[in-house]
Structures are given as structure tokens and as C-alpha cells.
Amino acid sequence: MSRFIDIHTHRTDHPEGVLSIRNWRIDGESELPTAGLFSAGIHPWDAGKAREEWLESIPAKNPRMAAIGEVGIDLYLTHRKSAKRQQWFFCEQINRANQLGKPLILHAVRIPDLPRWLRRMQVSVVIHGYTGGVAETRQLLREGCYLSFGQGLLASEKAQQSLETVPLNRLFFETDDHPAPIETIYEFAAARRDIPVEALKEQVEQNFRTLFFDLPDHVR
């Protein structure tokens, strides 16, 4: 039986039957997860206080590091004041991901000219917490992105319509820092796509194996 894949979470628990990628938010205080797969990066919300040396904390040689992230740009209201710093750290972390050949977990809120940024990335990209509309979805798919839906899917008709347009081999799901269990999100998505939950689990696990093909078997 396939596992539930939680492609992006801030939770510290390890539910049975779920394979999670826990986010390590490098902020000068939090510590590297001691078990399981993780992603690592400087969050755009932290860019205003971030130090350049924090980039050296990205554990490039750790076999449990699956991706760089979450990284990106967030120009929503109070975060706009750090826009230049966000862009600088985002660019540096794109370069790190390209050098390491690691996928990027992308936090993208009101990024101007997102396709231009995406074309700088020589690795696969997962747009996390996705709630965009159908037109944006089609554009991101043309750019080769994977789209990860979380709790926002449950209440957003726009996101639900987008879900229906995404090929199954470009889908992921996540809990992020929200309370909805990953099982609930899968069940909702499967019903919306009119497929069995187990079939969706099998496809998303295959997506995981395709995206993270270079992870050692003993860590995934």
C-alpha cells in the first residue's frame, strides 16, 4: 500500500503511514531536524533580519536534505519593506539549488514576473500552498512546475478548479503549518478528481520518486 506524501510541513510529529518532508527554517535559532527528510532554506519573511552567513548553514552533504526551501518572495503588505533583501536571498538560494541539483520548495506571494524567476532555476520546482487560479495554473505547468495543495484547497473554489486542471503527475499535497491532516486533504482532492484515494496516493508517491530520484533508499 502506498504512503501519504506530505511534501511540506512544519510539524514535528511523524504520523504512521505518512512520508513527510519537514521544513527547516534557517533563522539563527531553530535546529536541524534530527530524523527524517527535510528541506532547508531562509524564508522570505526572515530576509529582513537574515545574515549572509546563514546560507552556509544549508547542509549540502546531509543525505536527508531533500530540497532547498521554503524560499522565495512575499510582497504581501508588511513583507514589502524587505523586498530587496528577499530578492537577494532568493537569488542566492536558487544558485545553491542549481549547484547541488536539489529541487526548490517555493513560497510565491505576489512575485512580479514569476516566469522570469522560474527560468533561472535549473532544477525542479514545487509551488507550495498553491491556491492560484486556472490561468496561472496553466502558466506554471508550462514552466514545468509541480503544484502542492494544502488546507487552502478545502475552502477555495478557485483552488479546486485549478486542481481539476493539473495533470496527476504534477500534483503534491501538504500540511504546512495548518491543522488539517494530510489524509483529509487527499480525501478531498480524490473526491474532487473523482478517483479513489489509493489511486491518488500511488500517483503522488510516484511523483515523489520521480522528483527525488537521487535520494538514498534508506532515507525515503
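Visitor: What is the volume of the largest pocket?

Guide: In this predicted model, the largest pocket has a volume of about 690 Å³.

Visitor: What makes a residue part of the lining of the largest pocket, and how many residues line it?

Guide: A lining residue has an atom within 4 Å of a pocket point. By that rule 27 residues line the largest pocket. Those nearest its centre are A108, V109, H128, G129 and T131. Strand β5 gives the most, with three residues.

Visitor: How do the lining residues of the largest pocket divide by class?

Guide: There are seven nonpolar, 11 polar and nine charged residues in the lining of the largest pocket.

Visitor: Which residues line the second largest pocket?

Guide: The second largest pocket holds about 160 Å³ of space. Its lining is made of T9, R11, D13, H14, V18, L19, S20, I21, R22, A35, G36 and L37. Strand β2 (residues 18–25) supplies the largest share, five residues. By class, this lining has five nonpolar, four polar and three charged residues.

Visitor: Why is Y146 called buried?

Guide: Buried means under 20% relative accessible area. Y146 has 9% relative accessibility, so Y146 counts as buried. Y146 is in strand β7 (residues 146–149).

Visitor: Which residues does Y146 touch, leaving out those up to four places away in sequence?

Guide: Contact requires heavy atoms within 4.5 Å. On that basis Y146 touches S124, V125, V126, I127, N169, R170, F172, T210 and L211.

Visitor: How far is Y146 from T34, in sequence and in space?

Guide: Y146 and T34 are 112 residues apart in sequence, and their C-alpha atoms are 27 Å apart.

Visitor: How many disulfides are there, and how do you know?

Guide: The count is zero disulfides. A disulfide needs a pair of cysteine sulfur atoms within 2.5 Å. For C91, the nearest cysteine sulfur is that of C145, 17 Å away, so C91 is in no disulfide. C145 is likewise in no disulfide, because the nearest cysteine sulfur, that of C91, is 17 Å away.

Visitor: Are C91 and C145 buried or exposed, and what makes them so?

Guide: The cut-off for buried is under 20% relative accessible area. C91 has 18%, so C91 is buried. C145 has 1%, so C145 is buried too.

Note on methods. Residues are numbered from 1 along each chain as its sequence is written. This is a predicted model: local features need pLDDT of at least 70, side-chain atom pairs count only at pLDDT 80 or more; totals for chains, interfaces and linings use all residues. Side-chain values use heavy atoms; hydrogens and water are left out. On a 1 Å grid over the protein atoms alone, a cavity is a set of points where a 1.4 Å probe fits but cannot get out, and a pocket is an open set with protein on both sides within 12 Å along at least five of seven lines; lining residues have an atom within 4 Å of a point. Grid points are joined across faces, edges and corners, and a volume is the space filled by probe spheres set on the points. Helices (H or I, at least four residues) and strands (E, at least two) are DSSP runs, numbered from the N terminus. Ala, Val, Leu, Ile, Met, Phe, Trp, Tyr, Cys and Pro count as nonpolar, Asp, Glu, Lys and Arg as charged, and the others, Gly among them, as polar. Buried means under 20% relative accessible area, exposed over 50%, partly exposed in between (1.4 Å probe, protein chains only).
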